[in-house]
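I opened my notebook for this one with a few simple look-ups in mind. Here is what I wrote down as I went along.

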Amino acid sequence: SLRLGDIAPDFEQDSSAGKIRFHEWLGDSWGVLFSHPADFTPVCTTELGFTAKLKDEFAQRGVKAIALSVDPVDSHHKWIEDINETQNTRVNFPILADADRKVSDLYDLIHPNANDTLTVRSLFVIDPNKKIRLTITYPASTGRNFHEILRVIDSLQLTDNYKVATPANWQDGDEVVIVPSLKDEEEIKRRFPKGYRAVKPYLRLTPQPNR
Ligand code: BEZ
């Protein structure tokens with residue numbers, strides 16, 4: 001199975017927006033690839049509708065979203081009409097039609113002890129180097145929290161650029177922690193001119209540096 005830091009496998013597959021060559025389609029963007037159990041199911045309808053509504057949030061972060069189920073393209077097209085109607089939005093990202101399970105096998109999206117044939121609710125955040133940076137897997141009965149996905153992307157994009165990590169329940173704009181490996185006081189002053197407070201020598205909080 002795929003682990004953090006692995007290269008997201010490339011593939012070519014049909015989708016509601018035509019044939020997708022995954023790495024080429026990602027280009028220099030971040031990606032969110034997420035699977036759902038089946039078309040015309042209630043929780044999935046709300047998940048895809050909500051993702052469509054987050055279009056601007058994804059765009060601000062340079063992220064492209066792409067969904068997947070093992071249903072064929074014509075089913076996706078019919079279901080998209082329902083999503084648009086019931087969720088008051090327009091689906092603005094491709095849904096992979098993985099009827100031959102090519103991508104499901106590559107990304108280990110079918111968990112036979114949960115369900116023999118349907119994909120689970122897995123989600124991968126992929127960075128511009130095509131590395132997997134987040135994986136989550138939810139059961140079919142629980143819709144995902146897409147605000148949490150945006151929060152993790154904010155954290156990844158911040159911590160890639162500054163020597164910080166984000167504490168429990170962090171939200172964009174909150175204090176962050178200075179990475180424990182950074183010890184040199186001169187470097188700390190240079191990197192964090194707003195200063196920091198040390199709760200413990202290993203727990204040093206500083207205002208979010210890109211604010
Ligand atoms: C749903 O999306 O609503 C769903 C899909 C599969 C099993 C249970 C619920």
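**Ground rules.** I took helices (H or I, at least four residues) and strands (E, at least two) as DSSP runs, numbered from the N terminus. I am working with a predicted model, where local features need pLDDT of at least 70 and side-chain atom pairs count only at pLDDT 80 or more, while totals for chains, interfaces and linings use all residues. Residues are numbered from 1 along each chain as its sequence is written, and side-chain values use heavy atoms, with hydrogens and water left out.

**Entry: aspartate 116.** I found aspartate 116 in the loop between helix 5 (102–106) and strand 6 (121–126). Is aspartate 116 buried or exposed? I use buried for under 20% relative accessible area, exposed for over 50%, and partly exposed for in between (1.4 Å probe, protein chains only). Aspartate 116 has 57% relative accessibility, so I put it down as exposed. Counting contact as heavy atoms within 4.5 Å, I see aspartate 116 touching Arg101 and Ile110, with residues up to four places away in sequence not counted.

**Entry: the whole protein.** I noted seven helices and 11 strands. The C-alpha atoms fill a box of roughly 60 × 35 × 35 Å along the principal axes. Of the 211 residues, 46% count as buried. I also looked at contacts with a separation of 6 or more: 64% of them are between residues 24 or more positions apart. For areas I rely on the Shrake-Rupley method with a 1.4 Å probe; for residues, only the protein chains shown count as cover. The protein exposes about 11,000 Å², and carbon and sulfur atoms supply 48% of that.

**Entry: the ligand.** Which residues are around the ligand? I call a residue near if one of its heavy atoms lies within 4 Å of the molecule or strand in question. My list reads Pro37, Thr41, Pro42, Val43, Cys44, Arg121 and Ala140. The shell divides into five nonpolar residues, one polar and one charged. In this sorting, Ala, Val, Leu, Ile, Met, Phe, Trp, Tyr, Cys and Pro are nonpolar, Asp, Glu, Lys and Arg are charged, and the others, Gly among them, are polar. Helix 2 (residues 42–53) gives the largest share of the shell, three residues.

Next I checked polar contacts (pairs of N or O atoms within 3.5 Å; within protein, one must be able to donate a hydrogen and the other to accept it, and residues adjacent in sequence count only if both atoms are side-chain atoms). A backbone N or O atom of valine 43 is 2.6 Å from a ligand oxygen, and a polar backbone atom of proline 42 is 3.2 Å from a ligand oxygen. Arginine 121 brings a polar side-chain atom to 3.0 Å from an oxygen of the ligand. The protein covers 73% of the 260 Å² of accessible area that the ligand has on its own.

Entry: Cysteine 44 sits in helix 2. Its relative accessible area is 1%, so cysteine 44 is buried. Leaving aside neighbours within four places in sequence, cysteine 44 contacts His36, Pro37, Ala38, Trp79 and Arg121.

**Entry: arginine 144.** My last stop was the loop between strand 7 (132–138) and helix 6 (146–159), where arginine 144 has its place. Arginine 144 counts as buried because its relative accessibility is 7%. Its side chain makes a polar contact with the side chain of glutamate 47 at 2.6 Å, and the arginine 144 side chain reaches the backbone oxygen of serine 122 at 2.9 Å.
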